[in-house]
Structure formats: C-alpha cells, structure tokens
Amino acid sequence: MYVIGERINGMFRDVRKAIRKQDKAIIQDLARRQMEAGAWALDLNVGPASAEEVKVLLWLVETVREVTSAPLAIDNPKWKVQSEVVPKVPGEKIINSCKADEDALDQFVPLAVENEAYLVGLTIDQAGVPAAAEKRVELGATIAAKAMEKGLPTDRLFIDPIILPVNVSPATPGSVLAAMQQLTILADPPPHLLLGLSNVSQGCNERELINRTYLVMAMAAGMDSAIMDPLDTALMNTAITTEMLQQKAIYCDSFLDAYRMRAKAAT
Amino acid sequence: MKAQDTAQKWASAVSTVTIGATKDEGGTRGRTVTVGGAGGLPWLAYEGDLGQRPAIAIEVWDAGAESWPEELKKQYGEVLSDPVAWAKKAEEFGADLVCLRLMGTHPDMGDRSADEAAGVVKAVLAGTQAPLIVWGCGVEEKDNEVLPKCSEVARGENCLMGTITEKNYRTLVAACLADGHTLVAESPLDINIAKQVNILAHDAGYPLEKLVIFPQTASLGYGSEYVHSILERGRLAGLGGDPLLRQPVLCDVGAEAWRAKEAQASEEVLPGFGPAEARGPLWETLTATNLLQAGTDIFVMRHPKAVGLLRESIDRLTSAAAAGKA
C-alpha cells in the first residue's frame with residue numbers, strides 16, 4: 001500500500017500557523033512522524049493558509065527535504081502553480097492532480113514525463129464528478145490512454161476515482177468500488193488506484209471508523225494507494241493487516257513492526 | 001515466433017554477506033567468501049545479476065563422528081578424530097568454507113566444555129586458510145555457554161556463527177555484535193518464523209545485512225521440495241522488497257541427506273537400490289542440486305564426491321546462464 005501522508009495541509013491549524021510563522025520545526029516534525037508511521041510519500045498542500053501558493057509550496061518542499069528524501073506530492077489543482085513548482089522539487093515527486101479532460105492532460109502528462117514525476121489523474125471532467133461507475137471508468141481509461149500516448153509509464157500514474165462523503169453522496173462509495181474493480185484491468189502493468197480516503201467521512205460522525213472500514217473495502221476492490229493520515233495508528237494497522245491478508249507481505253508474528261521497518265528501509 | 005519476454009523487474013536484490021577476514025581486515029584467512037547478491041530469480045541471468053557464486057562448506061566435527069555411515073567414514077579415515085587434520089582434508093577436497101560443528105559439546109556426545117570447544121576453534125583457524133563456520137550442538141543452554149567463548153577466541157576472523165532461533169537468540173547476537181561475526185538465523189521449515197527471527201535479531205541490534213537464513217533442510221525423498229518452495233517464496237518476497245527475507249540462504253545438505261536410509265543402507269537391506277558407495281553420494285548430490293536450483297547460497301556438505309558433482313553443477317549453470325544472456 002502506497003501511503004501518502006496527508007497531514008501537511010494548511011487546513012490543519014498547526015500547519016496553518018507554521019506556514020504563517022515560517023516555523024520549520026512543526027512541518028519537519030509532521031514529516032518525520034508520518035514517515036516513521038509508515039508513509040511512503042508526503043502530500044504538501046497550502047490549503048487556506050496563504051494566497052502565495054507557489055512561494056509556500058517551495059518553502060514546504062525545502063523544509064521537508066531537510067528531513068526526508070521520500071516522494072513529495074504537490075497538492076494543487078492549478079496548472080500555473082504545478083508548472084512552476086514541480087520542476088524545482090528535488091528528488092521524487094508526484095503531481096497531485098489533474099482532471100481527465102483532454103486539454104489538462106495535454107499539459108500535465110508532458111510535465112510529469114519531463115520531470116520524471118508521478119501523476120495523479122482525477123476522473124472528473126468539465127461535466128463534474130461522475131455519478132455512475134461507468135463514467136469513472138471511461139474517464140480513467142482516457143487518462144491511461146493519454147499517459148501511454150505521451151510516454152508516461154503506467155506505473156507512474158495514479159488514477160483517483162473521487163470518493164465523496166457518504167452522508168451527502170450515499171451511492172458514491174459503492175460506485176467508486178465498482179469503478180476500481182474495472183480500472184485495475186486498464187493496462188499491464190496497471191495504473192495505481194488512489195483515493196483521498198478522508199473524504200468519505202467528511203462532515204460525518206465516527207470519522208476514523210468510517211475511514212478505516214472503507215479503506216479495507218477499497219483495498220479489496222483494487223486500491224493500492226491512498227492519501228490518508230498515517231498518524232492514525234488504527235488506520236495504518238488496518239492497511240498493513242489488509243495487505244498481509246492479500247499476501248502482499250508474508251506473515252510473521254511482528255507483521256505490524258515489519259511493515260514499518262520496510263517503510264523505514266525504503267526512506 | 002518470438003518467445004514472450006518473461007523477465008520481471010525487481011524492487012530489490014538478495015543481500016551479500018562476506019565470511020572470513022584476511023590479514024588486512026584483522027583476521028588470518030587466506031581469502032574471504034562472499035555470497036548472495038542475486039538481482040533476479042535463481043539462475044535467470046536475463047532477468048538480473050546472478051550475484052555471487054554459491055559456496056560449498058565441508059562439515060567437520062570436533063568429536064563424535066564414529067557414528068557416521070561407513071561410506072562417509074571411508075572418505076576421511078583417521079582425520080575423523082582430529083578436527084584440524086579433518087579441516088585440512090576438507091580444504092584438499094575443495095571446500096570454499098569449513099563448517100566446524102561442535103557435536104562434542106553435546107551433553108549426550110561428550111559434553112565437552114566451552115574452553116575445550118574454543119580450543120578446537122582456535123586450532124582449526126590456525127591450521128587452515130578457509131573462512132570458518134562455527135556451529136553449535138543444537139542444545140540451547142549448552143550453545144549459550146559454548147558459542148560466546150568460541151566467538152571471543154575467533155574475534156577478528158569474521159566467522160559465520162550458528163545458530164539463532166526464535167526462542168534463543170539474545171546470547172549469540174550479543175557475542176556476534178561484540179566480536180564482529182556474521183550470523184545464521186534458523187527457522188523450522190516455516191517462512192513466517194524465518195521472517196520473525198530476523199526481526200528479533202534486528203530489534204536486538206543485529207544488522208539485517210549480516211544475517212544468513214537457514215530454513216532447515218530436508219533430504220531428497222523426505223521433503224526437499226518443501227524446502228525448495230520455502231526458498232522460492234522467500235526469494236520472491238526478498239526481491240519484491242521485503243527487507244526481512246532478502247538474506248542469502250544456507251542449506252545443511254550433508255547432515256540431512258545422510259540421515260536417509262536410502263543414503264546409508266547396504267544393498268542387502270535395500271535390494272534393487274544399487275551399491276551403497278554410489279547411492280549415498282548421489283543422494284547427497286541430488287538433495288543439493290534441487291536446492292541449487294532454488295537459489296541456495298551456502299551448502300554444508302559431507303561426501304567429497306557430492307562436493308565435486310555439486311561444483312560441476314554450479315559450473316554448468318553458471319556458464320549456461322552466461323551463454324543464455326549473450
């Protein structure tokens with residue numbers, strides 16, 4: 001499971017404060033702790049903390065790079081921001097994200113190829129978030145086709161079929177699972193399937209329980225990566241256990257520690 | 001019609017372990033032996049680096065070999081009662097390593113003391129050039145007395161010490177950390193426990209890169225294919241990135257193969273099975289060659305004929321792999 005740690009996001013009070021005060025220590029502590037908890041990569045999102053998105057993202061990159069060489073996900077929907085920031089990110093990077101329409105893909109896929117970056121493609125187009133699973137699959141196929149056409153290897157591509165909160169969009173969790181089952185057979189090797197996991201419980205009660213339960217359902221349907229909170233130990237342990245049950249890792253009595261050791265060895 | 005390219009891309013490689021230390025490195029060995037390092041499935045040179053050539057260790061006992069089968073005893077004669085002479089004979093037979101098994105310390109086989117055992121280790125080191133494997137008698141309490149003493153007298157020689165298990169690892173880990181030796185991690189034909197022993201050693205401070213996995217071994221006809229499958233699963237996991245299963249593997253072929261009645265018994269006892277002098281060494285050879293295909297990195301062997309045949313197999317696989325790559 002590729003865990004992309006979500007905590008360095010300006011919507012969190014501590015991060016918002018750190019950004020405004022240029023306090024490196026808070027950001028670096030979050031980076032370190034997420035990596036120790038087993039994250040594979042770290043998401044960097046300015047959120048509502050500042051209007052100077054490029055400047056703050058570059059500051060976040062520099063700050064985090066002082067403590068880890070893990071892949072960094074640049075979380076911003078704007079071409080203007082991504083095209084300025086991505087070439088300046090040292091080491092492994094993930095462009096998070098671009099939509100599934102032709103024009104966006106024609107810009108973002110070459111950006112990923114030129115910078116040897118990973119790309120997250122969202123199954124959203126001009127018409128918005130699809131209601132039906134079939135439309136999600138269709139848009140996913142569009143993204144994968146464009147990647148292959150422009151020379152982005154599918155193992156550098158993440159497709160995100162967009163999960164929505166279950167209270168406002170009750171059919172979506174099921175629709176996303178159905179879409180993922182079909183998206184896994186899009187190419188060989190298949191693209192990664194990613195979700196912003198916390199969205200499923202946005203505005204709901206029992207958020208951690210909902211996230212944890214949907215994580216298992218999604219992994220069983222073929223999700224191999226998630227933007228999630230690695231500091232939620234129960235959530236991480238559930239991901240590690242699911243992976244072991246899927247035989248992606250061989251069991252041993254200390255299988256939880258073994259996963260975190262593996263994550264550490266990879267850093 | 002072009003054959004499908006079946007080569008896989010792997011995230012990781014088998015780790016490499018070096019045994020022995022030359023004068024420049026703080027020891028007295030004439031050479032060192034390095035094992036492991038394969039970058040793909042066993043012998044598939046088109047998929048990845050083959051890594052280091054598998055090494056052959058010949059087993060030497062400090063005492064108690066009177067119980068060995070006749071066909072084996074014939075090969076060694078008088079040296080069976082003199083571990084230093086025996087180790088020299090092993091070198092003559094072409095051993096890459098000597099595996100000194102301290103069976104004389106076993107409570108039922110002489111119960112020799114830690115000091116006596118350490119004396120043998122010292123004498124064997126003085127009398128030979130080959131890197132040394134030091135192996136206990138298998139009784140935990142005794143090994144915990146004997147092996148640290150042996151580890152101490154061999155400090156600087158970078159021996160491969162054996163073994164640690166899931167239930168008994170702290171003593172030998174501490175000794176090997178203090179004296180700079182590499183370590184054999186043993187599990188009972190159980191890949192889950194193999195992983196667990198490595199994580200326990202790691203948590204006790206021992207580096208994963210200095211471990212050798214010993215999954216135990218079974219003879220031809222008595223489960224060697226099960227050992228093969230464990231090696232296969234372990235190699236797949238290690239190449240796939242599991243840091244706890246990427247260590248090189250040791251198999252104890254001689255001891256297991258010669259336990260089989262098919263290896264030992266005369267033709268009177270087993271009519272139709274052919275003469276014992278041919279049968280025994282072949283039983284050991286075929287146990288070894290099966291495990292060679294599965295990716296074994298260190299073989300502990302007994303019969304010189306089996307050693308020779310195994311070496312020929314390694315030569316043939318190595319040149320075939322090189323040719324296949326061309």
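**View 1. Contact between chain A and chain B in the predicted model.** In this predicted model, chain A contributes 11 residues to the contact and chain B contributes 12 residues. On the side of chain A that touches chain B, 7 residues are nonpolar, 1 is polar and 3 are charged.

**View 2. Packing of helix H2 of chain A against helix H3 of chain A.** H2(A) spans residues 24–36 and H3(A) spans residues 53–65. The crossing of H2(A) past H3(A) is right-handed. From H2(A), the contact involves A:Lys24, A:Ile27, A:Gln28 and A:Ala31, and from H3(A), A:Leu60, A:Thr63 and A:Val64. By class, the residues of this contact between H2(A) and H3(A) are 4 nonpolar, 2 polar and 1 charged.

**View 3. Packing of helix H7 of chain B against helix H10 of chain B.** H7(B) covers residues 224–239 and H10(B) covers residues 276–293. The two axes come within 9 Å and cross at roughly 20°. Angles under 35 degrees count as roughly parallel, and H7(B) and H10(B) are therefore roughly parallel to each other. H7(B) makes a right-handed crossing with H10(B).

**View 4. Residues in the contact of H7(B) with H10(B).** B:Ser224, B:Val227, B:His228 and B:Leu231 belong to H7(B). They meet B:Thr287, B:Asn290 and B:Leu291 of H10(B). The residues of this contact comprise 3 nonpolar and 4 polar, with no charged residue.

How values were computed
Residues are numbered from 1 along each chain as its sequence is written. Chains are lettered from A and ligands numbered from 1 in the order in which they are written. This is a predicted model: local features need pLDDT of at least 70, side-chain atom pairs count only at pLDDT 80 or more; totals for chains, interfaces and linings use all residues. Two residues are in contact if their C-beta atoms, placed from the backbone, lie within 7 Å. Ala, Val, Leu, Ile, Met, Phe, Trp, Tyr, Cys and Pro count as nonpolar, Asp, Glu, Lys and Arg as charged, and the others, Gly among them, as polar. Axes are lines fitted to C-alpha atoms, for helices over the stretch in contact, and angles run from 0 to 180 degrees between N-to-C directions. Helices (H or I, at least four residues) and strands (E, at least two) are DSSP runs, numbered from the N terminus. A crossing is left-handed if the near helix is turned anticlockwise from the far one by less than a right angle, and right-handed if clockwise. Angles under 35 degrees count as roughly parallel, over 145 as roughly antiparallel, 65 to 115 as roughly perpendicular and the rest as oblique.
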